[in-house]
Amino acid sequence: MRIIIAAALLWICAGPASAKSLRAASVRATAARAVIEARGSTESIKSFEARLMPYLQARISRRRPPASMYVPAQEDLFLLPKIWSRTSPQFQETYAAATAIPANYLMYATPGGHLEVYYATAAIDAASAVDTADHYGYDAADWRHRTGEANGVPDYIDEVAWALDSAWAMEVDRFGFVKPAPSDVSRGSSQKYKVIIRAQGDLYYGMTWPGLKISAQGPGYSSHVEIRNEWSGDEWNVPPYIDYQIHPEKGVRVTAVHEFFHGIQYAMTWNVVNLQYLDLFPLSWLEGTSVLMEELGFGDVNDYLQYSSGYFHHPQMSLFNDALNTLDNSNYVYEHSLVAKFLYEHAGPAPGINFIKSVFVRNYAARSDFDNLAKSAAAGLSTTWARLLGGFHEQSFFTGSRATPGIFFDDAPLMGTWSWAADSVDSTFTITKQVDPRGMQTFALRADPTQADTIAIAVAGAGGAAASGDWAAGAVLIPVDTAQHDSLIVLTFSNARSQILTVPGWRRYSQALVIVTNADPANKRSASVYFQPYPLEYSNTLLIYPNPVRSGGQCVIKAPQLTRVRIYALDGTVLFQAQRRTDDGVVIPPWRFAGNSSYAVVWDLGARNGMPVRQGTCIVDMTWNSDGRASRAYRKIFVLPSP
Ligand SMILES: [Zn+2]
């Protein structure tokens, strides 16, 4: 299904709600969602039926549904096969009558040879009539070729047929998806896929209606597509991306490739268990990939851009997670077209359908959890699902005025930008935040002239980066000279260690922005980013700096492979001791990685009783590893009174 949402976005972004935006938003309180929330109780199925019935009956009597009537959403139709056996015989009969091809409708077999388009003129069905102007057609011998003469079929239907033939050529012939299975909605026994041109609910582009399961054992549901019959309302004139009032053929094209892909999704589903949408797919995956088809089929229409601004208002949103994105964000499913497009363009070495197709094909072979499907598909392209989600978050920084050729999309300059805030840090330079499942968080350090000229950045995610490799992070260094492009550096997680990013020339930058992605499908988890300004030059020698040190200051003790430091007063009291600790390879403060296989620890001149050391001589006992052997040395630190 498609519903126009540009008006709803204006409401989110710019203030007062218009009637249109409210209606679009209210569509999201779907009958299906209520069933899922009630865990499929008998009551919830009864109320599902009750909500759909008036609309189904209006279709049977060919009445235009009043604006107040509930129009089923595509998600209702995704859920329907799963609850079908529990619906009443009366509902099932009404559904069959309401989705059948209405009597007297005309049929046009598309020149491409695989589909049939059913339509009405005013004499047949006033509510669903198409414009009957007929000035051209498409060649029966070559569906791509437009001819200059009337062909006895309304031009509107010629455009529908051409768009559908294009959808078949791209999605079945070129991409190799399973063919959509025709519902038995026709009067004859044709095995061609059926498309009905009919009046749709306000703001609806079209819908894909499920029919029966193809076989008892195997996967596959039949379906048919519906596309709206006219685009005359002002809601179809939303500059700059939607001009279907003047160019209805553009609305037809994006709707045809979108709904046709829903037909493929039905044909590739098992749909036997679980009160979710098709199999275990999130709604946002089903809709996001369908919107992607519009962009791949008709990239000049750019309908998907109306969804992009929504994402840039809440880039931390939990991706492909229907449970966490509910009624307060009515457009989240369509915003996922950005993620689907990213997966098309960046999942493999070159743009291609491989990742997306692999997810559907693997499920078709053996029904599986979406997270497993995505992980397997990523492994098939020599990457990880975490890295792909991370890549999406990281590259989505480079849009609008921040667009950079080669990163994210060619359309990136046309998109909004997301904002973030610099974090305040204490003396540990550590920032810890919660990250939503399949969501991201920003961790930003503002450069400060008092900081060293080199900083190190490391990231550690709770729950371990191991096993599933389910964290990803990238850093964007923002130069003081904003005329320069920002650079994106991806921090990779391996099983045992996190990469530590060293940033020399830190004073050239105004901020370091770290974008951390939690690829866990269900759990909110915490991540920490360690920004470690180096107080030292690189060297491979033992170093205590400064020494002597003024009371109130701090002292850094550094050595190659330094593992333990103890500091004593002259009377033998232990003032300080620290064993080096790491968390997934990230050094825990007060320890720091100091470059060149050296580590440092910072002593704040405090004693273990909490009192500061004001003056005197202390002994440092240092242990480090050298050539595989533990080495030990003693040094003195002189603490001078504050001036
Ligand atoms: Zn849809």
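**Chatting through a predicted model**

Me: Let's start with Gly616. Which residues does Gly616 touch, not counting those up to four places away in sequence?
Reply: Leaving out residues up to four places away in sequence, Gly616 touches Leu570 and Val639. Bear in mind that this is a predicted model.

Me: Where is Gly616 found?
Reply: Gly616 is in strand β29, which covers residues 616–626.

Me: And why is Gly616 called partly exposed?
Reply: It comes down to a count: Gly616 has 14 other C-beta atoms within 10 Å. A residue needs 20 or more to be buried and 12 or fewer to be exposed, so Gly616 falls in between.

Me: How far apart are the C-alpha atoms of Gly616 and Pro641?
Reply: They are separated by 8.4 Å, with the two residues 25 apart along the chain.

Me: OK, stepping back. What is the mean pLDDT of the protein chain?
Reply: The mean is 85, and 88% of the residues reach 70 or more.

Me: Where does pLDDT stay under 50?
Reply: One stretch is residues 4–27, for which the model has 41 contacts beyond four places in sequence. Another is residues 464–468, with seven such contacts. Where pLDDT is low, the predicted coordinates should not be read in detail.

Me: How many helices and strands are there?
Reply: The protein chain comes to 15 helices and 30 strands. Buried residues make up 47% of its 643 residues. Of the contacts with a separation of 6 or more, 68% are between residues 24 or more positions apart.

Me: Sheets next. What order do the strands have in the open sheet of four?
Reply: The order is β12-β19-β14-β17, with antiparallel pairing. The edge strands are β12 and β17 (501–504), each pairing on one side only. Neighbouring strands in this sheet are turned by 20° against each other on average, ignoring direction.

Me: How many bridges join β12 to β19?
Reply: Six bridges, between β12 (residues 430–435) and β19 (residues 525–533), and the two run antiparallel. Within that pairing, Val435 has Arg525 as its bridge partner in β19.

Me: What about β14 and β19, parallel or antiparallel?
Reply: Antiparallel, over seven bridges, with β14 covering residues 454–461. Ala456 stands opposite Gln532 in β19, and Gly461 stands opposite Ala527 in β19.

Me: Let's switch to β7. How many of its residues are buried?
Reply: Six of the six residues in β7 (residues 193–198) are buried, so to speak a mostly covered strand.

Me: Which residues point which way from β7?
Reply: Tyr193, Val195 and Ile197 point one way, while Lys194, Ile196 and Arg198 point the other way, and all are buried.

Me: Which strands pair with β7, and in what sense?
Reply: Strand β3 (residues 115–119) pairs with β7 in the parallel sense over four bridges. Strand β9 (residues 221–228) also pairs with β7 in the parallel sense, over four bridges. Tyr118 has Ile196 as its bridge partner in β7, and Arg198 stands opposite Arg228 in β9.

Me: Now the core. How many residues are in the largest nonpolar core?
Reply: It has 159 residues, and those with the most contacts inside it are Val160, Ala512, Val514 and Val516. Domain 1 (2–383) and domain 2 (543–640) both give residues to this core, so it lies between them. In soluble globular proteins, nonpolar side chains tend to be buried together.

Me: What is Ala512 in contact with, leaving aside neighbours within four places in sequence?
Reply: Ala512 is in contact with Ala444, Leu445, Ile457, Ala475, Leu477, Val503 and Phe531.

Me: Last topic, helices. Which residues of α14 are buried?
Reply: In α14 (residues 370–380), the buried residues are Leu373, Ala374, Lys375, Ala377 and Ala378. What covers them includes α13 (354–365) and α15.

Me: What follows α14?
Reply: Ser382 does, and its phi is positive, near 60°.

Me: And how covered is α15?
Reply: Mostly covered: 11 of the 11 residues in α15 (residues 385–395) are buried. Among them are Trp385, Arg387, Phe392, His393 and Glu394.

Key. Residues numbered from 1 in each chain as written. Predicted model: local features only at pLDDT ≥ 70, side-chain atom pairs only at ≥ 80, totals over all residues. pLDDT = per-residue confidence, 0-100. Contact = placed C-beta atoms within 7 Å. Pairing = 2+ DSSP bridges. Axes fitted to C-alpha atoms, helices over the stretch in contact; angles between N-to-C directions. Core = buried A, V, L, I, M, F, W, Y, C linked by C-beta atoms within 7 Å. Domains from an automatic or database assignment.
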